[in-house]
Amino acid sequence: MTTQRMVISDANSGLTMSIAITRPESALFSPKPLVSPSGYLTKKMLLKKLESFTNGAKINNLIEAMRASSPTRRATDSDDHNSWTLRHPSAISMFDEIMRASIGKQIVVFLDYDGTLSPIVDDPDCAFMTNEMREAVKDVAKLFPTAIVSGRCRAKVYNFVRLPELYYAGSHGMDIKGPSKGHRKGNPVLCQPAREFLPMIDEVHKALVEKIKYIPGALVENNKFCLSVHYRRVEEKRWVELADQVKLVIKDYQELKLSQGRKVLEIRPMIKWDKGNALEFLLESLGYAESNKVFPVYIGDDRTDEDAFKVLRNRGQGLGILVSKVPKETNASYSLQEPSEVMQFLKRLMEWHGKGCPY
């Protein structure tokens, strides 16, 4: 028998839970993942596998806690799309109301990249934004301070966007740099709260690449201050095997935490810094730390954006806009369905400003 301690972290809530798992050696080194006759792992089978490793009640409580704190979970059956839309109406249909709330305040725009400015694609290296979207972001940045806040490394997201007048916060906000032209004030903005973890991240990256190279479709992305293990192109019957390999690599790195995004496993330093902290840092850099004359607008589609939505709710300033076609639990106030609607919203913002903010 072998006892292991599994640490599971949630990217949104910051909650880290640790459970002890005792299981026989044969279970630890089982050569095959648990699959159905059709070759696919079912949720029921996965739950049964987990329950075989530890107390069933503990696992059920853990799973329910993760579901409850996950903003990417679909709403319950009774909470249908219409009722969800009433609580999170379209930012386009409610545009006039939003703009009226911003009168007399400085609008600051924050944008996620993947799923917000570009579509979600199988190959993360091919998540290109359209030229029309780039022009829309460029025009907005001429009018309002604008930042890209992404889980990607800052250099990579900059290569996608290619607009030097923006602020860029990469690695989930752990790598921030101000614009080389435009809204910059005083010294260049630079924030890298996880620099000491760079050697460790590089070490884990190399180990992960070696471990998962035998799993077709799996991809490890080095985002400088964090790592992303993409499994969008991995067969579902190999997901458990992939997760086991990832946990095997990071089990000796107590300073790192594992969380889950949209078909991606995220490995990040165990520090209190997320997209919400990045938003606050950028507002402070712009001189709006304690100001009631600022109106931040944050648009994002992922669970990691919930940290920023929470900050805006707690500040009682501005608003969050969730990009999603399906109902999700969220701290955002409004919604947009896809990147094309994000572009439409940005163009409306420019038109509104061009008319002299007529409210």
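Reading a predicted protein model

The protein has twelve helices and 14 strands, where helices (H or I, at least four residues) and strands (E, at least two) are DSSP runs numbered from the N terminus. This is a predicted model, in which local features need pLDDT of at least 70, side-chain atom pairs count only at pLDDT 80 or more, and totals for chains, interfaces and linings use all residues. Residues are numbered from 1 along each chain as its sequence is written, and side-chain values use heavy atoms, with hydrogens and water left out.

Reader: What percentage of the residues of the protein count as buried?
Author: A residue is buried under 20% relative accessible area, exposed over 50%, and partly exposed in between, with a 1.4 Å probe and protein chains only. Of the 359 residues of the protein, the share that counts as buried is 50%.

Reader: Are helix H10 and helix H11 parallel, perpendicular or oblique to each other?
Author: Two packed helices are described by the angle between their axes and the distance between the axes. Helix H10 (residues 275-285) and helix H11 (residues 306-315) pack with their axes 6 Å apart, at an angle of about 55 degrees. Angles under 35 degrees count as roughly parallel, over 145 as roughly antiparallel, 65 to 115 as roughly perpendicular and the rest as oblique. H10 and H11 are therefore oblique.

Reader: Which residues of H11 make the contact with H10?
Author: Contact means heavy atoms within 4.5 Å. On the side of H10 the contact is made by Lys275, Gly276, Leu279, Glu280 and Leu283, and on the side of H11 by Asp307, Ala308, Val311, Leu312 and Arg315.

Reader: How many charged residues does the contact of H10 with H11 have?
Author: Ala, Val, Leu, Ile, Met, Phe, Trp, Tyr, Cys and Pro count as nonpolar, Asp, Glu, Lys and Arg as charged, and the others, Gly among them, as polar. By class, the contact of H10 with H11 has five nonpolar residues and one polar residue, while the number of charged residues is four.

Reader: What is the phi of Lys224?
Author: Most residues other than glycine have a negative phi. Lys224 lies in the loop between strand S8 (219-222) and strand S9 (227-230), and is partly exposed at 33% relative accessibility. Although Lys224 is not a glycine, its phi is positive, at about 70 degrees.

Reader: What distance separates the C-alpha atoms of Asp202 and Phe225?
Author: Asp202 belongs to helix H8 (residues 198-212) and is partly exposed, with a relative accessible area of 35%. Asp202 and Phe225 are 23 residues apart along the chain, and their C-alpha atoms are separated by 8.9 Å.

Technical notes
Axes are lines fitted to C-alpha atoms, for helices over the stretch in contact, and angles run from 0 to 180 degrees between N-to-C directions.
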